[in-house]
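Good morning, and thank you for coming. Please have the sequence and the structure open while I speak.

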Amino acid sequence: MNIETQDFYTQAILSMSALVGLMSFLMLGQGRLPRLIFVFAMQGMLLTLTAILAASELHSPHLYISAFLTFALKVVFIPVMLQKQVFAMNIHRDVEALKNNTTVMLSGASLMIFSYYVLQPIIHTSSMIMLNTLVVSLSVVLLGLLLMISHRQAVAHVVGFMSIENGLFFAAMAATDGMPMVVELGVAFDVLVAAVLFGIFFFHIRTSIDSLDVDMMNKLHEVER
Amino acid sequence: MIAVYLLLFLSVAGIAFFALTGHHKDIGKLNTYINAMNLAITVWLATTVYQHGTILSESKAFLIDSFNVYLIVLTAFVGFTTSLFSAPYMAHEIELGKLTEGRLKLYYSMYQGFMLAMYLVLTTNNMGIMWVAMEGATLATVLLVSLYRTPESIEAAWKYFILCGVGIAQALFGTILLYYAAEKLGNPENALLWSVLHEEAAQLNPDILKISFVFLLIGYGTKIGLVPLHNWLPDAHSEGPTPMSAVLSGLLLNDALYAVVRNKMLVDGATQSHIAGYLMMGFGLVSFLVAALFLHRQKDIKRLFSYSSIEHMGLMTFAFGIGGSLATFAALLHMTVHSLVKSAIFVTVGHAAQIAGTQKMAQIRGLIRTQPKVGWGLLIGTVAIAGFPPFGVFTSEFLVLLATMREYPWLTPLLLLGIGIAFSGLFRHIQPMVYGEKPEGQLPIKANLIPVMVHLGFALWLGLAIPHFLSDWFSQATLLISGSAL
């Protein structure tokens with residue numbers, strides 16, 4: 001199947017999903033927090049655009065609401081909140097030395113191939129759009145996990161957490177034209193509350209360990225000493 | 001159906017009231033009243049279901065059948081008895097200066113928030129809403145884990161938040177795949193309704209459902225505390241206030257398992273194979289054995305009992321995984337008795353820790369000599385949870401063993417070994433704490449042990465003779481889940 005022979009909508013969705021996946025890789029290799037947050041906001045923007053595209057093509061007005069929610073939460077509210085925290089902590093100039101950057105990138109690539117392998121069985125039930133978008137969303141979820149493993153800053157963990165949400169949203173939208181509205185609203189509500197709680201937590205962590213480096217949180221062990 | 005709306009409304013009203021109004025002297029009592037009313041409502045709901053069978057609300061948003069109705073009553077019951085314990089306990093914590101009044105308001109507001117999330121998980125018919133409510137339960141309890149604001153509690157809460165949040169995200173991916181499979185049958189608005197999915201399960205694509213179940217099991221399994229996804233559980237249980245540990249162990253874990261079993265019923269219908277069961281058996285057995293070993297290496301009393309929770313949840317997951325009527329019946333019974341006994345234990349543990357002024361087991365000594373009620377409560381609770389007759393845990397564990405012997409005889413030695421290891425792990429720590437000389441200056445405290453006695457009394461009753469309506473109920477639920485009568 002050649003991409004040039006597809007109609008405009010298919011081509012657009014496929015390019016969007018490629019870009020969304022690319023953003024996850026960019027985040028993975030990013031050691032500076034302000035840039036990391038910026039790339040995260042870009043990913044949110046791409047999701048908003050995809051939602052608008054799908055809404056107009058598929059004539060499903062409720063996707064406009066999802067697009068608006070994504071824009072408000074993932075492009076404006078969360079990035080602005082995180083950016084404020086980073087500047088308040090005065091860590092915006094710090095460059096986190098990422099250990100084994102090459103290994104992390106390569107494992108990221110393998111995770112993407114692994115996603116294709118996992119979702120292989122459903123290939124015969126779906127069109128090209130569905131398969132690729134589902135695979136990209138699964139790999140965005142897995143890359144989000146990898147981001148959390150490879151970074152030590154609490155802010156980077158929140159970005160990883162939220163980019164996992166991005167992957168899930170992308171799966172729900174591109175592969176199934178959006179979940180039922182109640183569920184969509186419920187998920188958005190949970191994300192909002194989670195974001196607010198993260199803000200509260202940054203404050204607590206700072207006052208208790210005077211840093212946002214999660215390696216400093218090492219008091220509790222599986223087997224007590 | 002009015003009962004369900006009333007139940008949810010009361011919890012919402014509770015959240016708003018505690019959050020918005022100023023501090024009251026009787027805030028704890030008020031919380032107890034709300035929970036008592038909810039208990040009454042759920043009993044009313046249960047009798048309706050018992051007489052008229054499954055209820056599906058007009059909008060199809062809520063489904064009450066024999067499986068979830070008894071869990072709803074159990075949730076309301078444990079919520080009520082724990083609130084009885086929590087009122088004097090939290091007042092004592094304020095006296096010790098560990099908490100401020102503002103945080104007490106937060107505590108009670110989120111207590112109701114947690115109960116709301118639990119009721120919603122159990123009553124909803126929509127698999128998407130079930131996920132939203134499950135995540136809501138995490139969000140409601142995360143600030144309670146860090147209520148004391150010590151570095152340890154903040155670390156525990158952060159771990160809880162991140163691990164459970166990430167874990168449960170996998171469950172959402174599973175739910176999306178489920179929706180993707182169901183949408184192909186047409187009627188996308190109803191494609192996430194469990195009642196619809198259950199009827200049409202045979203037409204769902206088995207390959208997609210298999211993949212989706214893996215994600216759902218990992219996701220909700222994080223909340224059940226299955227090994228190796230369990231790391232958050234001992235931390236969150238040990239660092240939060242004790243009433244919270246009681247409801248987390250007694251209710252949250254059960255409800256997460258409930259979500260997995262609901263999904264398993266769909267997957268079984270679609271694949272016509274036992275793959276979901278095998279996955280659950282594997283995870284369950286590993287959790288059971290690993291947690292039993294970890295019991296030996298604990299030094300904190302609340303961590304000890306949270307590992308015991310992991311062990312029992314593993315056993316239940318294993319039993320649901322075996323499938324079949326006997327194992328399912330045993331798992332349902334075990335869910336009930338474990339909730340009752342474990343929340344009773346956490347209540348006594350709370351008192352014991354307040355008497356000794358620490359949670360370190362090495363410094364808790366001579367409980368029976370200091371305050372016999374607390375000492376005996378802890379000892380009898382531990383006897384009950386370790387699976388001694390005549391308590392209900394013995395009955396359910398015995399039934400699980402019986403079912404295993406029938407279906408997979410070669411797994412029985414492993415189960416017996418695990419039960420033995422867990423027994424010794426619990427008693428080597430408990431014995432010196434309850435017996436022995438009391439340290440100088442250790443004084444009894446004001447303790448309310450009625451909830452403990454009621455819980456242990458019920459566990460005893462279930463061990464000696466299961467009342468007729470309850471066994472009837474379990475049989476109906478067994479028929480619904482396993483497809484065959486006992």
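In which helix of chain A does A:Gly21 lie? A:Gly21 lies in helix H1 of chain A, residues 8-28. Please keep in mind throughout that this is a predicted model.

Let us stay with this glycine for a moment. Is A:Gly21 buried or exposed? A:Gly21 has 24 C-beta neighbours inside 10 Å, and therefore it counts as buried; the cut-off for that term is 20 or more. Leaving aside residues up to four places away in sequence, A:Gly21 touches A:Met112, A:Val136, A:Ser139 and A:Val140. The C-alpha atom of A:Gly21 is also separated by 11 Å from that of A:Asn132, although these two residues are 111 residues apart along the chain.

I turn now to the place where the two chains meet. In total, 37 residues of chain A are in contact with 39 residues of chain B. On the side of chain A that touches chain B, the elements giving two or more residues are helix H5 (128-150), helix H6 (154-176) and H7 of chain A. H7(A) supplies the largest share, 13 residues.

The axes of H7(A), residues 181-209, and H5(B), residues 127-145, come within 9 Å and cross at roughly 15 degrees. Angles under 35 degrees count as roughly parallel, and H7(A) and H5(B) are therefore roughly parallel to each other. Their crossing is left-handed. Among the residues that meet here are A:Val183, A:Val187 and A:Leu197 in H7(A), and B:Ile129, B:Leu139 and B:Leu143 in H5(B). The residues of this contact comprise eleven nonpolar, three polar and two charged.

Finally, two helices of chain B. Helix H6 of chain B covers residues 151-183, and at 1.5 Å a residue its 33 residues should span 48 Å. Its end C-alpha atoms are 47 Å apart, which agrees. Because 30 of the 33 residues of H6(B) are buried, this helix is largely enclosed by the rest of the structure.

Helix H16 of chain B, residues 392-407, can be checked in a similar way: its 16 residues should span 22 Å, and its end C-alpha atoms, 23 Å apart, agree with that. Buried residues in H16(B) include B:Gly392, B:Glu397, B:Val400 and B:Ala403. What covers the buried residues of H16(B)? The cover includes helices H12, H13, H15, H17 and H18 of chain B.

Thank you for your attention.

How values were computed. Residues are numbered from 1 along each chain as its sequence is written. Chains are lettered from A and ligands numbered from 1 in the order in which they are written. This is a predicted model: local features need pLDDT of at least 70, side-chain atom pairs count only at pLDDT 80 or more; totals for chains, interfaces and linings use all residues. Axes are lines fitted to C-alpha atoms, for helices over the stretch in contact, and angles run from 0 to 180 degrees between N-to-C directions. Helices (H or I, at least four residues) and strands (E, at least two) are DSSP runs, numbered from the N terminus. Angles under 35 degrees count as roughly parallel, over 145 as roughly antiparallel, 65 to 115 as roughly perpendicular and the rest as oblique. A crossing is left-handed if the near helix is turned anticlockwise from the far one by less than a right angle, and right-handed if clockwise. Two residues are in contact if their C-beta atoms, placed from the backbone, lie within 7 Å. Ala, Val, Leu, Ile, Met, Phe, Trp, Tyr, Cys and Pro count as nonpolar, Asp, Glu, Lys and Arg as charged, and the others, Gly among them, as polar. The expected span of a helix is 1.5 Å times one less than its number of residues. A residue is buried if 20 or more other C-beta atoms lie within 10 Å of its own, exposed if 12 or fewer, and partly exposed in between; C-beta atoms are placed from the backbone.
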